[in-house]
Amino acid sequence: MISMKKMTKAQAKEFVDSVDKLSDVAFANLTAQWRAHSITIDNPEYEEIRRKVLDAYEAAAATNDGYQIDLDVGLCLYEMLSPEKGFTLVMANDDDIWRYLSCKIFPDITYERYPKPAKDDIRLNKKRFYLHTRRIWLKTLWWYVFLAWQGDAKKTRDVLKDFGTDTISDFIERTGQGYRVLLYRQLMKSYANVENKSSDLFNVIQKQNLVNCRTVEPGLVEGTEQGYVDSLFKQLSVGEEHVD
């Protein structure tokens, strides 16, 4: 297991600020290096994870499909940094670890995935690099795969393959009182079988689930999580002609 390095928010801000202060020529040179994936990492422990994640990114990038990139990078990242390999949920929730990965190990693909700065940014998308705990790109991908994990990468890919980028943010950001892992994994498995998927439909499901979970514990209903999800979908007429 890699000895995970950390970068504080202040250190990450310093990194982004240093890029923002570059001249246009210097910034063009930097991004040319990033697009060539020519960066030097200080810690050799990260070489394997960088190589494998970069391979996954480059293969997916050839499709010009943002969701395919997210899914392939997320699956690879999760397999490299899995709980079974010692990457604990405490680590997965530590933004300082993800900031280090974003700014030191994968600044090139983070920039390529989000090349346009957000409002009030100068050159780099701060939220995706370090600023917003639920928008740090690599962190959101890891949690997306973790919460949908079906036991192995193939089964998880089969569940997630037909979703879209909106699903990632909708899934990660609407947590209620925290993640119910078994519930979310069953929900995503069941949702994968819905024919007419849409961001609006997924939002309806998520919102109703949060309402229900204020008074119902899914693991305690008949049929446990699967029974609960079946009843949730029936409640919303999911899989029928419309959603009430």
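The lining of the largest pocket comprises 8 nonpolar, 3 polar and 2 charged residues (Ala, Val, Leu, Ile, Met, Phe, Trp, Tyr, Cys and Pro count as nonpolar, Asp, Glu, Lys and Arg as charged, and the others, Gly among them, as polar). The model is predicted, so that local features need pLDDT of at least 70 and side-chain atom pairs count only at pLDDT 80 or more, whereas totals for chains, interfaces and linings use all residues. Residues are numbered from 1 along each chain as its sequence is written, and side-chain values use heavy atoms, with hydrogens and water left out.

The volume of the largest pocket is about 230 Å³. A pocket is an open set of points on a 1 Å grid over the protein atoms alone, where a 1.4 Å probe fits, with protein on both sides within 12 Å along at least five of seven lines; lining residues have an atom within 4 Å of a point. Of the 13 lining residues, Trp34, Ile39, Thr40, Lys104 and Pro107 are the closest to the pocket centre. Helix 2 (24-35) and helix 6 (95-105) each supply at least two residues of this lining (helices are DSSP runs of H or I, at least four residues, numbered from the N terminus).

The largest nonpolar core contains 79 residues, and Leu101, Trp142 and Met188 have the most contacts inside it. Helix 9 (residues 137-148) gives the most to this core, with 10 residues. Such a core is a set of buried (under 20% relative accessible area, 1.4 Å probe, protein chains only) Ala, Val, Leu, Ile, Met, Phe, Trp, Tyr and Cys residues joined through side-chain atoms within 4.5 Å. With residues up to four places away in sequence not counted, Trp142 touches Leu77, Tyr78, Leu81, Pro83, Phe87, Leu89, Ala92 and Trp98 (heavy atoms within 4.5 Å).

Definitions and conventions
Buried means under 20% relative accessible area, exposed over 50%, partly exposed in between (1.4 Å probe, protein chains only). Grid points are joined across faces, edges and corners, and a volume is the space filled by probe spheres set on the points.
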